[in-house]
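Let's take a walk through this structure together. Have the sequence and the 3D view open, and follow along as we go.

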Amino acid sequence: MKAATVIGKNVRRADVLEKVTGEAMYVADIALPGLLYARSKRSNVAHANIRRIDTSRALALPGVKAVLTHENVPRVLHAGSPHPRSASVTPDQYILDNKVRYWGETVAVVAAVSDEIAEEALDLIEIEYEELPALFTVEDAMRPDAPQIHDRGLGGNLVLPPVRVSRGDVARGFAEADLIVEGEYEGGRPTPAYMEPNACMCQWDGNGNLTVWISTQTSFMVRGIMAEVLGLPYHKVRVLCDHMGGGFGAKQDLFQSEFLCALLARETRRPVRLEYTREETFLGGRSRHPVKVWLKQGFKRDGTITARQARMIFNSGAYGSHGPGVTNVGTNGLTSLYRCENVELEGLCIYTNSPIAGAFRGFGVLQATYALDIQMEEAAEKLGLDPAEMKLKTAVRDGDYAPSGHPVVGHGLLDCIQRGMKEVGWAEQRKRTRDTGVQRRGWGIGCEMHGAGAQPAIKEQGNAIVKMNEDGSVVLFTGAANLGTGAHSTLAQIVAEEIGLKFESVAVVHGDTDVVPWDIGAFASHTTSIAGRAAQMAAAEVKRQLLKHAAEQMEVAAGDLEISLGEIRVRGTDRTISVRDAVAARLGIPSLQFVANATNVPHKSYSFAAHFVEVNVDTETGQITVLQVVPVHEIGKVINPIAAAGQIEGGIQQGIGHTLYEDYQIDLKTGRSLNANFVDYKMPLSMDMPPIRTIILETAPDPEGPYGAKGIGEDPIVAIGPAIASAVYDAIGVRFRHYPIKPEQVLAALRAKEVARSTTEEGVHA
Amino acid sequence: MKRQIVSFTVNGEAREIAVAPNRSLLDALRTEAGLTGTKKGCDVGECGSCTIILDGKPVNSCLVLAVEAEGADITTVEGLQAGDGSLHRLQECFIECGAAQCGFCTPGLLVAAKALLDENPSPTIDEIRFAIAGNICRCTGYTKILDAILLAAQPAATARAQGVTP
Ligand code: FES
Ligand code: FES
């Protein structure tokens with residue numbers, strides 16, 4: 001294979017010029033003539049039937065153009081998570097319902113000539129609720145006598161039937177064990193907190209065509225579900241999404257607002273923009289699923305795992321959203337990472353009257369890995385083994401099977417662990433004398449494996465069209481969303497590399513469902529592998545067409561030609577012709593239209609990582625500070641190093657957040673949100689971020705990925721959590737089995753440890 | 001509410017706009033002045049997306065009433081480029097270092113960084129961290145943003161090390 005010229009290099013991202021000049025238009029930046037502003041009225045009860053809703057005073061306010069409630073919108077049951085015909089769809093939502101299932105749910109919308117008037121009108125809407133008992137915890141919702149939040153016939157407030165995974169013989173495995181470790185682990189409710197609040201704008205034309213501007217990761221899903229719920233053929237709905245200010249998984253859902261915005265626009269016959277405030281982005285957005293994990297494993301003296309048994313309970317909140325997907329992925333995630341033949345797992349997903357949990361970077365894998373990785377540490381300690389060595393010994397490798405049933409390619413996980421151990425001088429770190437003062441430092445390791453793609457639950461497909469212009473430049477048409485990862489530049493690099501062009505010769509057209517080929521959406525860390533591979537396939541076909549044509553011109557066989565950086569050369573000679581000249585019959589007119597469409601039906605590939613973390617624990621304040629992170633990632637082939645590192649650093653930021661402080665909380669009496677803002681919902685800021693020394697390995701390329709590339713998007717958020725928890729243990733000898741780990745909990749644990757020690761010293765057995 | 005006329009200078013251009021007295025400067029800039037580069041991430045002074053330079057100081061424009069800006073001199077992200085369209089060094093460095101991912105925080109960060117460099121042309125990394133402590137970025141982990149601002153400050157830092165006033 002010829003040496004790569006465009007991939008593996010840092011390129012000047014195509015979308016970034018607009019971003020640094022302020023010219024990039026996000027939905028809220030677009031104003032159409034005659035625009036109306038919509039605002040949402042939200043419930044101040046968590047669980048209730050709506051007895052009466054009176055909008056007459058709101059409608060009478062000058063400037064108000066329309067008010068919608070459950071009484072005047074179509075009643076169509078649909079899934080908020082719009083993956084059609086996949087295992088992860090739960091149709092349990094109406095555009096607006098006559099029932100409220102969480103505090104802050106939308107009950108009405110208003111469109112007015114200004115946002116102030118719309119806001120004012122919300123207070124004039126009168127609602128009478130018949131309150132119902134509300135259930136906020138999975139324990140409450142699972143009680144046999146608990147009221148049903150949804151009338152869907154599964155019973156027990158189950159979102160889906162329990163997920164069960166069983167293989168081998170767990171009883172035999174436990175019988176063979178020298179040590180059994182059992183524990184309960186718990187994860188809080190971090191939210192994606194992307195910087196761009198949700199926004200949507202709708203306009204109908206005179207022919208009944210609907211255009212939707214929306215910040216979404218899944219334009220085609222939005223088109224499909226909106227068309228179906230509104231009763232339109234697909235070609236009458238056009239979804240536009242150019243720049244989006246982050247999503248991290250959560251902008252895969254529909255948030256009621258899209259339908260409402262379209263209906264308001266239809267009723268008023270004017271364009272309508274519906275934006276969420278920051279508070280509403282918390283209230284009506286999607287969080288990670290809070291989780292409870294019971295995990296029990298059997299170990300041989302040498303660290304081999306003989307059996308693994310677990311029960312995971314996910315809190316879905318008021319609607320199913322991605323609950324089924326997360327429960328499947330999370331439960332199956334417990335079969336992975338460290339080898340074990342005998343496994344018995346159960347995953348439950350439960351409705352509660354809490355905020356809706358959805359897709360968020362890490363998607364179940366994070367919750368599973370937190371428990372699994374920390375329990376490995378507990379076992380290593382009891383067995384007197386070095387945890388890194390034990391993880392290395394049991395790490396999945398070439399020939400093993402991943403949770404999806406796909407084979408693991410290469411020794412990626414082992415490579416990551418070994419490289420990181422060397423990088424941080426792990427052996428010496430283990431041997432050092434432990435701090436005893438107020439400030440105590442510690443090192444920890446966390447591991448993860450994450451699949452690129454949502455197979456087998458979702459039948460995925462990537463598409464691309466590559467079209468050559470008359471000057472030899474090309475346009476890539478892709479449906480992949482512009483989430484902020486730099487994926488479009490990565491795709492352009494792949495196309496340039498494949499044809500043999502300069503990066504600058506590739507333009508990317510995206511964000512318009514009328515123009516670009518169908519795309520499953522930007523999620524599941526799969527854009528590079530799915531859309532990238534499709535782009536590569538289409539590019540290869542355009543190259544074939546081009547070379548066939550050039551070969552005729554040059555009177556050689558096509559197989560004798562090669563292209564590099566826009567020059568076609570007869571192999572082994574200095575006979576060249578520029579791509580531009582090969583394409584143009586006459587200036588400005590191509591001799592032929594070189595164009596190709598490709599469909600890629602991918603399988604699934606797994607990326608790996610080991611994170612090494614140093615923390616400081618202040619034993620007087622309980623404050624945990626991450627001092628440095630050394631993330632080692634194995635991702636097959638790096639197409640754009642700076643973009644890959646950017647994903648890793650950003651993931652670590654969010655991971656530090658959810659491990660140490662991010663937790664979206666509600667009042668357990670009323671369901672009212674307690675910290676739906678950026679002051680009370682604390683996230684890592686510039687002052688909180690440690691130096692990150694990123695190492696990327698390419699040791700286990702995926703033969704079916706573009707140039708061997710795998711995924712990176714979600715990986716970095718997974719391993720950092722257990723790494724921090726283990727580093728905290730190394731520092732102060734206290735094992736935390738939950739996130740976030742708050743300073744007051746650190747202090748309480750240290751105090752409890754003190755008491756335990758002094759009582760032991762006095763010879764009293766508690 | 002009855003609108004008032006407010007005049008100020010934005011990015012070197014004198015503007016006169018009519019706004020309701022309870023309207024924030026952020027909304028006025030975005031809606032009335034048509035400068036949508038400045039973003040609204042929270043509208044209550046928590047995220048820094050709406051940072052502008054007002055009479056030399058970086059401020060959250062969502063916390064300033066438009067009428068308070070009477071006579072003020074304002075710089076927004078749109079004012080960073082030179083008249084000939086060439087990029088500000090900070091913009092170049094943000095591109096070069098990969099400091100913008102989704103880009104929503106980028107205008108606010110660029111403006112905050114400009115205010116810092118105007119005041120302190122060769123800041124230390126900690127001074128940079130502090131200067132952007134009010135700007136939330138959810139994508140980047142800040143690493144590349146810090147790199148970019150440090151890189152932008154380099155000529156000044158180098159000049160100072162050599163005893164030259166930049
Ligand atoms: S929008 Fe002004 S600080 Fe967030
Ligand atoms: S680049 Fe997305 S918030 Fe900063």
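## The sheet in chain B

In this predicted model, chain B has 5 strands that make an open, mixed sheet, in the order β2-β1-β5-β3-β4. Strands here are DSSP runs of E with at least two residues, helices are runs of H or I with at least four, and both are numbered from the N terminus. Two strands count as paired if DSSP finds at least two bridges between them. Strands of a sheet pair through backbone hydrogen bonds, either parallel or antiparallel.

So who sits at the edges? β2 (13-19) and β4 (57-60) of chain B do, and each has a single partner strand, so one side of each has no neighbour in the sheet. From one strand to the next, the twist averages 40°. For an antiparallel example, look at β3 (residues 51-54) and β5 (residues 73-75) of chain B, joined by 2 bridges. Within β5(B), B:T75 is the bridge partner of B:I53.

## Helices lying across it

Now find helix α1 (residues 25-32) of chain B: it lies across β1 (4-10), β2, β3 and β5 of chain B, at about 105° to β2(B). Helix α3 (residues 106-119) of chain B lies across β3, β4 and β5 of chain B, and runs at about 35° to β3(B). These angles, from 0 to 180 degrees, are taken between the N-to-C directions of lines fitted to C-alpha atoms, for helices over the stretch in contact.

## Where chain B meets chain A

How many residues of chain B are in contact with chain A? The count is 45, against 52 residues of chain A, where contact means heavy atoms within 4.5 Å. About 3800 Å² is buried between chain B and chain A, with 55% from carbon and sulfur atoms; buried area is the accessible area (1.4 Å probe) that two parts lose on being put together, summed over both. In chain B, the residues that lose the most area to chain A are B:I95, B:Q101 and B:R138, together 22% of what that side buries.

The rule also finds 7 salt bridges across this interface (a side-chain nitrogen of Lys or Arg within 4 Å of a carboxyl oxygen of Asp or Glu). In one salt bridge, the side chains of B:R138 and A:E662 meet at 2.7 Å, N to O.

## How to read the numbers

Residues are numbered from 1 along each chain as its sequence is written, and chains are lettered from A and ligands numbered from 1 in the order in which they are written. Local features need pLDDT of at least 70 and side-chain atom pairs 80 or more, while totals for chains, interfaces and linings use all residues; side-chain values use heavy atoms, leaving out hydrogens and water.
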